Amino acid sequence: MKAYSYQCRDCEGMEACPASLVAETEAELWQLIGHHAAIAHGEAASDWDDATTQYLETLIKPVTV
């Protein structure tokens, strides 16, 4: 089964964050990333500009589960 993963520590400036997220779809993963950003880092995904979103997109990796 194909899935998608995001490791917060891969994001510049977040190296100490242990969060590791996996979801079946990219859309679901984006929701999880947004929730994580809000809860753990006090960031609202709605405040991210296009450059930030594009950067985060490069950190999403397809995985096989």
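Mentor: A residue is called buried under 20% relative accessible area, exposed over 50% and partly exposed in between (1.4 Å probe, protein chains only). Ser5 counts as buried because its relative accessibility is 9%. The model is predicted, so local features need pLDDT of at least 70 and side-chain atom pairs count only at pLDDT 80 or more, while totals for chains, interfaces and linings use all residues. Numbering starts from 1 along each chain as its sequence is written, and side-chain values use heavy atoms, with hydrogens and water left out.

Ser5 sits in strand E1, residues 2-7; helices (H or I, at least four residues) and strands (E, at least two) are DSSP runs numbered from the N terminus. Beyond its neighbours within four places in sequence, Ser5 is in contact (heavy atoms within 4.5 Å) with Leu21, Val22, Leu29, Leu59, Ile60, Lys61 and Val63.

Next, the core. A nonpolar core is a set of buried Ala, Val, Leu, Ile, Met, Phe, Trp, Tyr and Cys residues joined through side-chain atoms within 4.5 Å. The largest one has 16 residues, of which Tyr6, Cys8, Cys11, Leu29, Ile33 and Leu56 touch the most other members. At least two residues come from each of E1, strand E2 (20-23), H1 and helix H2 (50-59). Helix H1 contributes the most, 3 residues. Outside four places in sequence, Ile33 has contacts with Tyr6, Leu21, Trp48 and Ile60.

Now the cysteines. With a disulfide defined as a pair of cysteine sulfur atoms within 2.5 Å, the count is 0. Cys11 takes part in none, and its nearest cysteine sulfur, that of Cys8, is 6.0 Å away. For Cys17, also in no disulfide, the nearest cysteine sulfur is again that of Cys8, at 3.7 Å. Cys11 counts as buried because its relative accessibility is 11%; Cys17 is buried as well, at 11%.

Glu26 belongs to helix H1, residues 26-41, and is partly exposed because its relative accessible area is 29%. Apart from residues up to four places away in sequence, Glu26 touches Tyr4, Glu57 and Ile60. Val65 lies in the segment after strand E3 (61-64) and counts as exposed because its relative accessibility is 59%.
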